[in-house]
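Please consult the sequence and structure shown here while reading.

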Amino acid sequence: MATLPNPLPKLAAEPSGRSLGLQLPPGSLIDATDDGPWHEPLLWCAGRAAAPGNWAALGSPAARLGLLPVLLDLNGGQGGPQDWDLAPGETSYPGDHDAEDVLAQCWPEWAVERAGEWPGLAAPLSLAAAPHVRAAELADSLASGRSWLRDPHLALVPARRSADIPAAIGWSGPANHEEDVARLCAVLRSWEDRFGIRVVALGFDHLTVSVAAPPTTPAEAGAVAAEHFAFCPDNVEEDLEAYARDLTGERSWHFWWD
């Protein structure tokens with residue numbers, strides 16, 4: 001996978017990150033994968049639980065270095081990221097995939113029976129907030145304990161854009177649905193462009209994104225719901241119309257793969 005130069009190795013000699021212009025709390029560099037240690041750190045993870053304000057205080061300056069923030073759940077029942085069977089060596093590059101092709105291929109025969117033929121991509125929507133502001137708001141809310149995260153810690157990942165974070169660490173959360181997470185990251189890239197999403201939180205098999213341009217009408221929500229159904233079929237337990245109603249005006253989207 002093509003990536004920017006990774007600044008994380010510098011933290012091995014200087015954990016505070018001062019030479020990079022950062023003021024990091026105690027934390028650890030993680031290089032564990034399903035195939036042994038990676039040749040360089042995949043991410044830095046704070047040693048203390050995240051608190052409101054951490055995202056803006058640490059994430060914003062780190063982003064200027066190519067280190068993007070994400071909240072990780074270290075107590076979701078499967079341990080922390082060092083226990084998640086990360087597989088960066090088996091992950092391709094998100095830019096090599098087309099979002100509509102991925103979603104159309106993920107639209108299986110049983111989806112046709114439930115929701116009809118693949119309807120195509122939803123139209124771009126208007127921003128209701130700046131994407132980085134919406135992401136920080138969501139991160140603060142998640143860090144306050146009002147979420148599925150049991151023990152959220154702020155992590156920094158070397159990635160070109162927020163949508164690439166799962167691929168950059170070789171996240172295997174959706175493996176039962178899609179083995180190469182970069183293909184789903186191509187969809188996340190498209191959602192960045194059309195809906196102003198940012199990847200804000202990851203667990204072993206959970207993903208939460210902020211949404212700066214949510215659907216505001218039933219038609220818009222229905223079009224987005226179809227993409228969610230292809231992206232993460234496990235999310236849609238009821239009928240698609242009921243799921244779409246819950247998306248209207250929603251500032252965050254949460255996905256879980258069985």
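Predicted model: local features only at pLDDT ≥ 70, side-chain atom pairs only at ≥ 80, totals over all residues.

**Cavities**

Two cavities of 30 Å³ or more are present in the structure. The table sets out their volumes and the make-up of their linings.

| Cavity | Volume | Lining residues by class |
|---|---|---|
| Largest | about 50 Å³ | six nonpolar, one polar, one charged |

The largest cavity is lined by Pro25, Ala46, Arg48, Ala49, Ala50, Asn54, Leu58 and Leu154. Around the second largest cavity, the lining consists of Ala50, Ala51, Asn54, Trp55, Leu71, Ala139, Asp140, Ala143 and Leu154. Two elements, helix 2 (54–63) and helix 5 (131–143), each give two or more residues to this second lining. Helix 5 provides the largest share of the lining of the second largest cavity, with three residues.

**Aromatic pairs**

Across the whole structure, 10 aromatic pairs are found. One of them joins tryptophan 107 and phenylalanine 229: the ring centres lie 5.5 Å apart and the planes stand at 80°, so the pair is edge-to-face. This pair connects distant parts of the chain, 122 residues apart, with tryptophan 107 in the loop between helix 3 (99–105) and helix 4 (109–115) and phenylalanine 229 in helix 8 (residues 218–231). Tryptophan 107 is buried, its relative accessible area being 8%; phenylalanine 229 is also buried, at 3%.

Ring pairs also link Trp171, Trp191, Phe195, Phe231, Trp253, Phe255 and Trp257 into a cluster.

How values were computed: Residues numbered from 1 in each chain as written. Heavy atoms only, no water. 1 Å grid on protein atoms, 1.4 Å probe; cavity = no way out; pocket = protein on both sides within 12 Å on 5 of 7 lines; lining within 4 Å. Points joined across faces, edges and corners; volume = space filled by probe spheres on them. Nonpolar A, V, L, I, M, F, W, Y, C, P; charged D, E, K, R; others polar. Helix = DSSP H or I, 4+ residues; strand = E, 2+ residues; numbered from the N terminus. Phe/Tyr/Trp six-rings, centres within 6.5 Å; stacked < 30°, edge-to-face > 60°. Buried < 20%, exposed > 50% of the residue type's maximum accessible area, 1.4 Å probe, protein only.
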